[in-house]
Amino acid sequence: MSLWITFWKFFFVITLLLFAVMSVWVTIGGYADIKKLFRKMDEARNEPEDE
Amino acid sequence: MNPEHAAILAETNFATLDWIIVFAYLSISLVIGLYVRKYVVNMAGYITAGRGLGTCLGIATLTGTEMGLVTVMYSAQKGFTGGFAAFHIALVAGVVTFFVGISGFIVGKLRGTGVLTIPEYYSQRFDKKTRILGGIMLALGGILNMGLFLKVGSLFIVGVCGLSQTGWALPGVMIFLLVLVLIYTVMGGMFSVVVTDYIQFVVLSAGLLITTGLAIYHIGWDTMFQVVAENMGEAGFNPLTTGGGFGAEYVLWMAFTAGLVSCALWPTAVARALAAEDVATVKKQYMFSSISFMVRFLVPNFLGIAAFVFIAVKAPEIKAAFFPTDGSAPMDNLYAMPILLGRIIPSGLLGLISASMIAAFMSTHDSYLLVWSSVITQDIIAPIRGGMSTKGRILCTRVSIVVIGLYILYWGLMYKGSDDIWDYMAVTGAIYFTGSFAVLVGGLYWKRASSTGAFMALLSGLGAILGLGPVQQMLGLDIPGARVGLTTVVFSVLVMIIASLLFPDKQTETKTMGSSSLTETEAAL
């Protein structure tokens, strides 16, 4: 049982640390992605008018 | 509800400030969701956001969708009843998702075909009747699966806010949240969904990490392991032990459902792969999302365990309600986690945490509504009618969203079933995914897979209905849901192989297995 306890402790802590780092990265990168998406959509909306 | 139980629920730190935070958050989500509706100009834009999702936005929206409040609730319930052994669900889910990301198994190939929905691939690779049947099975399994989301999510909100369990509170919360989600999903489609999912990801991530820290601070890290060891013994840690709540068969079923199905077969997850910029983005998105796929089970499991320990050692007055010794009915253990949060988190922060949970609720509902309704339009109604205009498709999708919303409200208000939410969800979902696993893998990786094989494999998925409690009672059966599910998967694969060999397609070589091509919908648009 002690082996399982040690394993789950490590698993929990490591996963949460990875998630914390990923959350910061996704928060910053996701904001940039949204701006890129809007830019792309603005261009797409304007295309028929240009033709 | 028992008055004593209602009194326990009424005791919470939730105050006026928390209400202000929650309403501010909801208003921001609604305004942004409505603002982006201007980008909806065609069906591809409406259901895949113009295929403009970058890696980070893809991870955010995938996490937001798959980490729903219903997942938080049933995972907490698993932690409450199964202890740390429940962590195995997070482990297998993360490992399987990571390998799907590395290999691109199913999702990479599917994105390469250029289709908008899974049944559309059935049409591209097999034929129209397989697409329509696939669409019906998907919509049936998916909408049934979603039936309990609204009620369970609202139970959490009512529980953590300390609202009365009787009277207007529960239906009021259900109707309010549903209307909110319907408005921005109907108007903005996938654009609204991904942008609000992003906000919801940010709020949810912060909320989960803060809540975990507070639970450890209030209860004690070592105390949690010690109390679980004393009360559950080996079964509280070892998921493979006999006599515990899990076992090897259950772990294997979780690897399939919480792992492979959740990330590579479930349409709401696959919708993100299909909306990604390219195959490389899909792979990256899945590799990084494997962390979220672990956390979506791990943290709620942990909070469920924390609730168990809190009730066992720190709140004896509540312990009697959950574990009565006088023969009275125990309190529904779904309430354990909301009670914990309502008591250990201070006012102000509780508003933020509640907003994060509401975020989880909304981000799941919007995506599910959009995916099922787009399948109804694209894969059932449009093929049967033999073509529809862009405006007609968007209108049909919007109407379907509202109808599904009304159904889940009705189901949530009327449902009086047992507490086995996860079992209910796994079985209803299995109606779709057991057959689709055979059809997708066969179609993408086996040249000799035929339309007849695919059609029959999809129908085989109906065997999963045998896993439902009421059906088993009716037939006098007593078979674990995990066994029924795994057997149905094997059966569908065998049906796919045998029927394909017996009834091969005449022009198999002309069908698209996984290469990019102009899809039927794109061509029509």
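**Entry 1: B:Arg483 and its partner**

I looked up B:Arg483 and found that it counts as partly exposed, at 41% relative accessibility. I note here that the model is a predicted one. The side chain of B:Arg483 meets that of B:Glu249 in a salt bridge, with 2.9 Å from N to O. I then located the two residues: B:Arg483 belongs to helix α23 (residues 481-502) of chain B, and B:Glu249 to helix α13 (residues 248-265) of chain B. They are 234 residues apart, and the pair links distant parts of the chain. B:Glu249 is also partly exposed, with a relative accessible area of 29%.

I next turned to B:Arg131, which forms a salt bridge with B:Asp379. The closest N and O atoms of this pair are 2.8 Å apart. Helix α9 (residues 128-146) of chain B holds B:Arg131, while helix α18 (residues 349-385) of chain B holds B:Asp379. The cut-off I applied for buried is under 20% relative accessible area.

**Entry 2: The salt bridge between the chains**

The side chains of B:Asp222 and A:Lys9 are 3.6 Å apart, N to O. Across the interface of chain A and chain B, the rule finds one salt bridge. A:Lys9 itself is partly exposed, at a relative accessible area of 24%. As background, I noted that side chains of opposite charge can pair when their charged atoms come close.

**Entry 3: The interface of chain A and chain B**

How many residues of each chain are in contact? I found 31 residues of chain A in contact with 49 residues of chain B. The two chains bury about 3,600 Å² between them, and 82% of this is on carbon and sulfur atoms. On the side of chain A, A:Trp8, A:Phe12 and A:Phe19 lose the most area to chain B, together 19% of what that side buries. I also looked up polar contacts between the chains and found four residue pairs. By class, the side of chain A that touches chain B has 20 nonpolar, five polar and six charged residues.

**Entry 4: Chain A as a whole**

I recorded one helix and zero strands for chain A. The chain has 51 residues, of which 33% count as buried. Chain A exposes about 3,400 Å², with carbon and sulfur atoms supplying 67% of that area.

**Entry 5: Two further residues of chain B**

I looked up B:Ser75, which lies in helix α5 (residues 69-82) of chain B. B:Ser75 counts as buried, at 2% relative accessibility. Its side chain reaches the backbone oxygen of B:Thr71 at 2.8 Å. Leaving aside neighbours within four places in sequence, B:Ser75 is in contact with B:Arg296, B:Phe297, B:Pro300 and B:Asn301.

Where is B:Gly220 placed? I found B:Gly220 in the loop between α11 (169-219) and α12 (221-232) of chain B. At 19% relative accessibility, B:Gly220 counts as buried, because the class takes in values under 20%. I also noted that B:Gly220 and B:Val309 are 89 residues apart in sequence and 9.7 Å apart in space, C-alpha to C-alpha.

Key:
Residues are numbered from 1 along each chain as its sequence is written. Chains are lettered from A and ligands numbered from 1 in the order in which they are written. This is a predicted model: local features need pLDDT of at least 70, side-chain atom pairs count only at pLDDT 80 or more; totals for chains, interfaces and linings use all residues. Side-chain values use heavy atoms; hydrogens and water are left out. Contact means heavy atoms within 4.5 Å. Buried area is the accessible area (1.4 Å probe) that two parts lose on being put together, summed over both. A salt bridge is a side-chain nitrogen of Lys or Arg within 4 Å of a carboxyl oxygen of Asp or Glu. A polar contact is a pair of N or O atoms within 3.5 Å; within protein, one must be able to donate a hydrogen and the other to accept it, and residues adjacent in sequence count only if both atoms are side-chain atoms. Ala, Val, Leu, Ile, Met, Phe, Trp, Tyr, Cys and Pro count as nonpolar, Asp, Glu, Lys and Arg as charged, and the others, Gly among them, as polar. Helices (H or I, at least four residues) and strands (E, at least two) are DSSP runs, numbered from the N terminus. Buried means under 20% relative accessible area, exposed over 50%, partly exposed in between (1.4 Å probe, protein chains only). Accessible areas come from the Shrake-Rupley method with a 1.4 Å probe; for residues, only the protein chains shown count as cover.
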